[in-house]
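Student: I am new to this structure and would like to learn how to read a few features. Please show it to me.

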Amino acid sequence: MSFIRPAAVIVLAAGEGTRMKSATPKVLHDICGRSLLGHVVTACRELEPEELVVVVGHGRERVAAHLAEADPAARTAVQHEQRGTAHAVRAGLQALDGGQGVAGTVLVTCGDIPMQTPRTLRALAAAHQEQGNAVTVLTMELPDATGYGRVLRGPDGAVAEIVEHRDASEEQLAVREVSSGVFAFDGRLLAQALGQVGTDNSQGEEYLPDVLRILRDAGHRVGAERAADHRELVGINNRVQLAQARRMLNDRLLERAMLDGVTIVDPATTWIDAQVTFEPDALVHPGTQLLGATHVAAGAEVGPGCRLKDTVVGAGAVVGNTVADGARIGPGANVGPYAYLRPGTVLGADAKAGTFVEMKNSTIGEGTKVPHLSYVGDATIGDHTNIGAASVFVNYDGESKHHTTIGSYCKTGSDNMFVAPVTVGDGSYTAAGSVITRDVPPGSLAVARGQQRNIEGWVARKRPGSAAAQAADAALAATKHTSEEE
């Protein structure tokens with residue numbers, strides 16, 4: 001099919017969505033890293049329309065603010081009163097050209113259909129243009145069409161009528177092709193027909209399907225394009241459908257990743273956002289969430305039990321049982337288990353952030369290891385340094401954050417406190433149990449701890465008769481007996 005870019009796309013996003021039972025406007029609910037509206041706008045942008053208008057109503061300030069971030073080039077039109085879908089489309093046209101009708105194809109879709117794809121929308125527009133229709137309905141064939149209006153076609157394949165379920169005969173109810181609520185219109189004819197839509201119905205609203213009847217009665221052709229997969233046109237009306245759509249979209253994203261050469265060990269327990277990217281031969285283990293703009297490079301291994309957001313995982317890195325947000329993990333690095341990498345963490349090539357290690361706003365050099373039980377905050381650590389277990393970078397003085405710098409090829413002892421601001425020079429050592437409060441020159445050994453003092457007999461005097469005193473007496477007696485035998 002040939003394809004000419006649409007003159008406009010109008011996205012209807014003014015409804016309240018009362019069945020969501022939420023203070024959040026329905027189209028702002030999130031699945032796979034984007035709002036429902038964000039998914040729709042992204043799909044529509046693939047068609048490169050000359051104009052894209054989103055009709056807002058309920059919660060319009062929040063929806064408009066969100067749209068300004070998601071797609072700054074999109075226009076908004078306000079439907080001040082929600083008086084039906086035709087009324088909403090009229091508001092959209094008003095924002096484009098004062099309601100006179102744009103020349104060319106105008107697509108109308110809904111902001112609560114997040115699974116719709118650019119391919120299907122493009123096929124709708126192409127069929128509409130090739131067949132010379134006044135309007136083309138995007139239809140779907142459902143296994144169970146209960147409650148949907150049936151699309152009845154004439155001998156030439158054109159749409160003869162759309163019959164509501166409650167008005168359909170037994171023969172008509174056997175038809176499983178239904179309208180999706182997505183349309184392609186001739187822009188001029190759409191504007192003319194909207195002026196003839198009435199409110200003679202039980203709800204007293206202006207319905208967009210009435211435009212089809214008006215155009216057909218005027219002698220224009222009403223066509224239909226059937227979507228290949230009805231699941232992508234399912235709208236969201238409640239939290240159950242939201243979860244179902246999230247599952248379907250996640251499956252689609254995982255399938256695309258696997259076909260591109262990524263190994264997903266257990267798709268049922270792996271969740272990824274639409275913005276996540278991979279390179280071939282990445283490996284994702286079960287129980288993993290990859291969110292935001294996360295990228296997993298070739299040969300990297302992520303999971304099990306990871307939650308990575310806006311994080312880059314370098315080639316060949318291994319990340320297990322880790323939470324990371326806004327981190328950069330270098331090639332060949334090793335993270336976890338049970339590590340927490342907060343925003344601003346940069347791990348160099350072949351670096352390590354081990355068990356129960358937390359890092360924040362820190363740069364870790366190539367080959368440097370922070371193996372276990374440590375907090376590294378607001379720090380720069382050079383290359384090939386080893387940080388001892390149970391170390392804490394004391395970056396906060398109660399009012400301000402301060403920076404710690406540790407050089408390359410350093411060996412710091414276990415249970416160290418680095419009280420920022422402080423610098424440990426290249427090639428230095430620090431003793432276990434030290435509290436480092438002053439700069440350490442390169443190549444030095446820093447010892448910052450009190451001398452050990454043993455007060456013998458303290459337990460017998462201060463805790464007489466206690467279990468500790470009895471154990472001490474027994475040990476002392478055994479030692480004396482051994483000495484006497486020798």
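Student: How many salt bridges does the count come to?

Tutor: A salt bridge is a side-chain nitrogen of Lys or Arg within 4 Å of a carboxyl oxygen of Asp or Glu. By this rule the count comes to 14. This is a predicted model, where local features need pLDDT of at least 70 and side-chain atom pairs count only at pLDDT 80 or more, while totals for chains, interfaces and linings use all residues. Residues are numbered from 1 along each chain as its sequence is written, and side-chain values use heavy atoms, with hydrogens and water left out.

Student: Which parts of the chain does the pair E141 and R226 link?

Tutor: Helices (H or I, at least four residues) and strands (E, at least two) are DSSP runs, numbered from the N terminus. E141 and R226 meet in a salt bridge at 3.2 Å, N to O. E141 is in strand β7 (residues 135-141) and R226 in strand β11 (residues 222-226), 85 residues apart. Both belong to a network of salt bridges that also includes R153, R176 and E177.

Student: Where do R213 and D217 lie?

Tutor: Both are in helix α7 (residues 209-217), four residues apart, about one turn of the helix.

Student: Is D217 buried or exposed?

Tutor: Buried means under 20% relative accessible area, exposed over 50%, and partly exposed in between (1.4 Å probe, protein chains only). D217 is exposed because its relative accessible area is 57%, whereas R213, at 39%, is partly exposed.
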